[in-house]
Amino acid sequence: MSTPQETLAGVLEAVKALFSDGTTEVVRKKANQWLLNFKKEKKAWSVANTMLSTPGLSDNAYYFAAYTLRRKIQYDFADLQDQADRFKLRNAVFEHAKRHPAKTIRMQLALAVSGLAILMVGTD
């Protein structure tokens, strides 16, 4: 089992491989498959949140993190059974949206917020 730092490093390495001009098609496909599998894991919640809180990453890394959170909210919201975790996520997504100026990243975060709004209707 990998540590959170190893997982974060793996995600950043795969994102870089996916979007770098010098990457071979074989490596790009391998990186893409690794990221697709990663997004299905429960630890993707915390890694994506950490990425969005980490200064100095590439826009591609931030986009991947925002997209991952949006998709996790859309398809895996039931993973967050504790109401406190849901509210922490909502607050974190709002903070990320305020912090990231790139329109593509903010769009993913806005879609995440709208998904949360629908899924959290009736909660305090």
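Q: Which residues of H1 meet which residues of H4?
A: In this predicted model, Val11, Leu12, Val15 and Phe19 of H1 meet Asn60, Ala61 and Phe64 of H4. By class, the residues of this contact comprise six nonpolar, one polar and no charged.

Q: How is the relative direction of H1 and H4 to be read, as roughly parallel or roughly perpendicular?
A: One reads the angle between the two axes, and values from 65 to 115 degrees count as roughly perpendicular. The axes of H1 and H4 cross at roughly 115° and come within 9 Å; H1 and H4 are therefore roughly perpendicular to each other.

Q: Is the crossing of H1 with H4 left-handed or right-handed?
A: H1 passes H4 in a right-handed crossing.

Q: At what angle do the axes of H4 and H6 cross?
A: The axes of H4 and helix H6, residues 103–119, cross at roughly 15° and come within 9 Å. Since angles under 35 degrees count as roughly parallel, H4 is roughly parallel to H6. The crossing of H4 past H6 is left-handed.

Q: Which residues form the contact of H4 with H6, and how do they divide by class?
A: On the H4 side, the residues are Asp59, Tyr62, Tyr63, Ala66, Tyr67, Arg70 and Ile73. On the H6 side, they are Thr104, Ile105, Gln108, Leu109, Leu111, Ala112, Gly115, Leu116 and Leu119. The contact of H4 with H6 has 11 nonpolar, three polar and two charged residues.

Q: Which residues bring H3 and H5 into contact?
A: From H3, Trp45, Asn49, Leu52 and Ser53 meet Leu89, Ala92, His96 and Arg99 from H5. The classes in the contact of H3 with H5 are four nonpolar, three polar and one charged.

Q: How does one find where empty space is left?
A: A probe the size of a water molecule is rolled over the atoms, and this shows where empty space is left. Here, the largest pocket holds about 190 Å³ of space.

Q: How much space lies in the second largest pocket, and which residues line it?
A: The second largest pocket contains about 160 Å³ of space. Its lining is made up of Leu36, Lys39, Lys40, Tyr67, Arg71, Lys72, Tyr75 and Asp76. Two or more residues of this lining come from each of H2 and helix H4 (59–76).

Q: Which element gives the largest share of the lining of the second largest pocket, and how do the lining residues divide by class?
A: H4 gives the largest share, five residues. The lining of the second largest pocket has three nonpolar, no polar and five charged residues. Tyr67 of H4 belongs to this lining and is also one of the H4 residues that meet H6.

Conventions: Residues are numbered from 1 along each chain as its sequence is written. This is a predicted model: local features need pLDDT of at least 70, side-chain atom pairs count only at pLDDT 80 or more; totals for chains, interfaces and linings use all residues. Side-chain values use heavy atoms; hydrogens and water are left out. Contact means heavy atoms within 4.5 Å. Helices (H or I, at least four residues) and strands (E, at least two) are DSSP runs, numbered from the N terminus. Ala, Val, Leu, Ile, Met, Phe, Trp, Tyr, Cys and Pro count as nonpolar, Asp, Glu, Lys and Arg as charged, and the others, Gly among them, as polar. On a 1 Å grid over the protein atoms alone, a cavity is a set of points where a 1.4 Å probe fits but cannot get out, and a pocket is an open set with protein on both sides within 12 Å along at least five of seven lines; lining residues have an atom within 4 Å of a point. Grid points are joined across faces, edges and corners, and a volume is the space filled by probe spheres set on the points. Axes are lines fitted to C-alpha atoms, for helices over the stretch in contact, and angles run from 0 to 180 degrees between N-to-C directions. Angles under 35 degrees count as roughly parallel, over 145 as roughly antiparallel, 65 to 115 as roughly perpendicular and the rest as oblique. A crossing is left-handed if the near helix is turned anticlockwise from the far one by less than a right angle, and right-handed if clockwise.
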